[in-house]
Amino acid sequence: MNSFLSILWKEIIHIKRERRIAVIVFTFPLIMTILYGYAISFEPKNVPTGLLDFDNSTKSRELILSLSSSKYFIIHRVSSTDEIYRRIIQGEIKCGIVIPPDFSRKEKMASIQVIIDGSDPNLGKGILKNIQSFFIPSQVNTRFLFNQRMVSSNFYVPGIIVVLITIIGVIITSHSIVKEKEQGTFELLSTTPVSSTSLILGKILPYAIISLIDVFLITGFARLIFSIPVRGSLLSLFLNTSLFLLPTLSIGVTISALSKTELTALFASFIIITLPSILLSGFVFPVENMPGWLQIVTQFLPATHFLKIVRGLFLKGINFFPAEGFTLLGLGILYASIAIVSSGKRVK
Amino acid sequence: MNRVRLKGMLRKEFIQLRRDKRLFPMLFFAPLFQLFLFGYAVSLDIKDVPMVVVDNRNDSFSREVILSLISSGYFRVVCSTHSIEVMDRKILMGEAKAGIIINEDGEIGVFIDGSDNNAAGIIQGYFEQVLSRFSNHIPEVYPIPRFLFNPEMKSVNYMVPGVAGMVILIIASVLAAGILVKEKEIGTMEHLLVTPISPAEMVLGKLIPFIFISYIEMGLVIPAGIIFFHIPFRGNILFLIVATFPFIITILSIGLLSSIISSTQQQAVMTAFLFMFPNIVLSGFMFPIENMPDWLQKITYLLPFRYYMTILRSVFLKGGGFPQLWREILILCIFALFFFTLSVRRFRKILT
């Protein structure tokens, strides 16, 4: 116990001395929250749209007027269908609307042709949805639960918190061990009578506390800037974050135990944790759409489960997550044992 | 510029590259790993939406409504109930993403979990599509859509060309960031300085091997994307190779620059990461630039990756060539020239 405390104390002194940690822990997440918070949106607005009017009647002109006054389209008049194709290929417009000559003669079901740049399918579908809802008034009485005004940041910002904490937790823990290896002080530590378990725990604990503080800091910041609702209790957030940190920081320890230099550790954590946490956790792309084998892989990422917890807690006000909590605990035990075994070997 | 000296420098660099054991797994494993991750993971399509049915009417009409929802292939029923509370709880716990209530008077109400607003919008569209049959309203105007370049609307077709660019972005900038500081760290920089090699020769000698490597990466990712994900390639490969050149030079020069201003490898890589991150998030690679707020859209014009992304996607999907893409190429050339001269000048300063 005593040796554990002295390792802990030594680590705290290290952290106090190193300014870079403060940058990683405080400045980086704030910049990333703003960047991702504003950048992620799949709702197209102000789409540059080429418009070709063969009808040229009062009715078609009224239609064009109402199209250009909506926030979804910026209308550019074009003179031929060829021009629409050419400008879509050049990327100047994303879609084209063609009003046929018989448009004003039809009372009902007057068809107009819509040509959409499909190279980005998500954007393309969004544009089509806007056009359809513009012309065909909704027939279905719909209510959206938990996010009535359909604000996209409400969905993505909780995910940003999860991804950032994953990245930061892994980077700072692996940094703390590999640095000692590079400077040669890790050998010194291993000659002291400190057991490898208390060495690892003493090294992890301060970073776990920093990561916990960071979660609340980013949450507060996100609330301030994006007015994210936090409907669940903060105590539950605290407890669940602790559950999440065990497997995450253990991965950091394992990476550092297996790599010789900080550069390798950084690259390994980028490939093993950063990229999968962004792509596979359900942060942006729904897990349900992935092929079965990939869905199994996602279950081994702590971020996948923590993401469900954070979203449920923020948006739906759920406080208890038995399934996700137990999975995190199980992953925690698994990864912590791997971490202890792999770093024990290194010390010998 | 002396050809013999440059040749010698190049030989030294290639020998060093060959000896670096860490490099090769990184060069081959990393790009393919990214390709498969992006290829399989990124899809925003929604299928089989779990739905709760509250049928208070229970006659042929309501059964037909439910049947047509199921047979559309978009929905599956997880629970049939008469209680709205049950439906609410199922949606709250995430077991269902939507609920439909059919009242005795035939009125239909739809509830959708809005927490993922992108999915919610798509689910709403599915409901509209299926349920419009049951309303007697005929729309005045009826849009007939046609999607160009990617008629099956496959996300991979859009993402995989981008991965080719991302691989170059990550690997080239990390490699270039590491290389000069490495000589500083192990002390061989002084050795190089006493040789008669000029700064330009040295920078070129350092860059040329990485230009090769970047092209090899591209040669790895593009065929793999075409073979495994059946990505169309409609443009000219020769044009793409030429158009890639200013992008590679830009990225390598920026990597070199961060190498020059740092004293350890780690600092250099961190600096390169700082440059990479906004390039990945804001280039339109994952999130459409069109949907960002205006001030953020203006920032994206400063990112070289944005222009290269446009080139890649246009060449793959639209068959774009010089007439469509000369602007992007010109801008990349300006970036390349700017960062290359900047790094050579900074390098000269250090030497003197």
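**Strand pairing, chain contact and nonpolar cores**

In the predicted model, A:L145 has B:D113 as its bridge partner in β4(B). B:A98 is paired with B:I112 of β4(B). The hairpin formed by β3(B) and β4(B) has five residues between its strands, and B:G106 adopts a positive phi near 90° in this hairpin.

Strand β3(B) has a further partner in strand β1 (residues 49-55) of chain B, to which five bridges join it in parallel. One residue pair in this arrangement is B:V53 with B:I100 of β3(B). Strand β3 (residues 98-102) of chain B is mostly covered, with four of its five residues buried.

The contact between the chains draws 76 residues from chain A and 80 residues from chain B. On the side of chain B that touches chain A, the elements giving two or more residues include α2 (23-41), α4 (84-92), β4, β5 (141-148) and α6. Helix α5(B) supplies the largest share of that side, ten residues. By class, the side of chain B that touches chain A comprises 44 nonpolar, 24 polar and twelve charged residues.

The largest nonpolar core contains 144 residues, and those with the most contacts inside it include A:I161, A:V162, B:F38, B:V163 and B:L252. Helix α6 (residues 155-186) of chain B makes the largest contribution to this core, 20 residues. A second, separate core has 25 residues, among them B:V49, B:Y74, B:A120 and B:F127. In chain A, with residues up to four places away in sequence not counted, A:I161 touches A:V215, A:I218, A:T219, A:A222 and A:V310.

The domain assignment divides chain B into domain 1 (49-134) and domain 2 (151-351). The C-alpha centres of these two domains of chain B are 48 Å apart. An unreviewed UniProt entry lists residues 158-181, 207-231, 237-257, 269-289 and 325-344 of chain B under "transmembrane region". For residues 237-257 of chain B, the end C-alpha atoms lie 30 Å apart and the span is 100% helix and 0% strand. For residues 269-289 of chain B, the corresponding separation is 27 Å, with 67% helix and 0% strand.

Terms used:
Residues are numbered from 1 along each chain as its sequence is written. Chains are lettered from A and ligands numbered from 1 in the order in which they are written. This is a predicted model: local features need pLDDT of at least 70, side-chain atom pairs count only at pLDDT 80 or more; totals for chains, interfaces and linings use all residues. A nonpolar core is a set of buried Ala, Val, Leu, Ile, Met, Phe, Trp, Tyr and Cys residues joined through C-beta atoms within 7 Å. A residue is buried if 20 or more other C-beta atoms lie within 10 Å of its own, exposed if 12 or fewer, and partly exposed in between; C-beta atoms are placed from the backbone. Two residues are in contact if their C-beta atoms, placed from the backbone, lie within 7 Å. Two strands pair if DSSP finds at least two bridges between them. UniProt positions are given in the numbering used here, feature names are shortened, and annotations may be inferred rather than shown by experiment. Domain bounds come from an automatic or database domain assignment. Ala, Val, Leu, Ile, Met, Phe, Trp, Tyr, Cys and Pro count as nonpolar, Asp, Glu, Lys and Arg as charged, and the others, Gly among them, as polar.
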